[in-house]
Amino acid sequence: MNYKKTYQPTKGYTKLCVKGECSLQELEFGIIELGGGESLLFETGETETAFVILSGKADFAMEKAEWKGVGQRRSVFEGRACTVYAPRRNQVKITGVFHVKIAVCQVQVETDTEPQLIQPEAVRVVTLGVKPWERETHFIMEEGCNARKLCIGEAFVTPGNWAGFPPHKHDVDNMPREGILEELYYFLFQPGQGFAIQKLYTKDGEIDVTYTVKQDELVEFPRGYHTTVGAPGYNTYFLWVMAGEHQGFYRSNDPDHDWVTAAENMVKKL
């Protein structure tokens with residue numbers, strides 16, 4: 001199975017991961033692009049939906065909330081994200097103030113929730129790892145937000161660095177050590193011709209793939225260990241989207257490489 005998808009920039013809503021049509025069983029993902037003054041009506045159906053503003057600015061209106069001019073960056077490399085969360089069974093009207101690009105993250109839920117606007121100042125920023133496996137991580141939606149299953153953030157990897165090392169997974173119900181969370185990464189680069197290498201594998205060898213990922217590509221992680229490395233000379237960005245009963249980094253490292261964690265802790269103490 002091919003776990004990689006490519007987005008071709010298009011006006012309107014483009015579905016990239018659809019439940020039952022990709023490797024993921026719960027998580028769905030797509031991209032909205034609108035020009036200034038252009039509008040789109042989005043039906044959330046039975047899903048909770050997060051609209052992460054990648055670039056540009058838009059107005060949002062739904063049954064219980066309306067927000068004007070959401071978004072403040074020209075690209076993902078210019079600060080923290082603005083995000084709109086919409087509950088299930090809502091019609092959301094989205095209007096571009098000027099050209100806007102939005103990541104749409106969805107998962108089916110069984111409960112009603114309240115809409116939420118997550119402003120940049122509410123995004124938690126943490127530096128994870130040490131060079132050369134260091135990245136800045138922005139936690140946008142995690143435990144404590146209005147979402148029930150979605151957990152979303154952004155990772156910024158400096159040139160030539162790894163992210164998510166040691167390789168880790170979250171496909172076993174062994175809380176609090178590890179939880180079952182489907183995930184995907186959506187990539188962008190600076191400059192735009194950059195690339196990264198994405199590894200996904202299981203110990204039994206049933207899954208063992210390595211992808212070259214470029215601008216506007218994503219990789220699905222239905223299960224298995226995964227890790228990423230960016231090319232020298234290019235800043236790597238990926239939006240990470242997880243869905244499951246437990247919101248957070250409930251994951252386990254590949255035991256073959258977990259010794260690197262001890263080395264990381266030693267470096268941090270110096």
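**A buried aromatic pair**

Guide: At 1% relative accessibility, Phe-221 is buried (buried means under 20% relative accessible area, exposed over 50%, partly exposed in between, with a 1.4 Å probe and protein chains only). This is a predicted model, where local features need pLDDT of at least 70, side-chain atom pairs count only at pLDDT 80 or more, and totals for chains, interfaces and linings use all residues. Residues are numbered from 1 along each chain as its sequence is written, and side-chain values use heavy atoms, with hydrogens and water left out.

Now the rings. Rings of Phe, Tyr and Trp (its six-membered ring) pair if their centres lie within 6.5 Å; planes under 30 degrees apart count as stacked, over 60 as edge-to-face and the rest as tilted. By this rule there are 17 aromatic pairs. Take Tyr-185 and Phe-221: their ring centres are 4.7 Å apart and their planes stand at 85°, so the pair is edge-to-face. Tyr-185 sits in strand S14 (residues 181-190) and Phe-221 in strand S17 (residues 217-221), so the pair ties together parts 36 residues apart in sequence. Strands (E, at least two residues) are DSSP runs, numbered from the N terminus. Tyr-185 is buried too, with a relative accessible area of 4%.

The pair belongs to a wider group. Tyr-185, Phe-187, Phe-189, Phe-221 and Phe-238 form one aromatic cluster.

One more ring deserves a look. Arg-124 lies over the face of Phe-139, at 4.2 Å from the ring centre. A charge sits over a ring if NZ of Lys or CZ of Arg is within 6 Å of the ring centre and within 35 degrees of the ring normal.

Key. Helix = DSSP H or I, 4+ residues; strand = E, 2+ residues; numbered from the N terminus.
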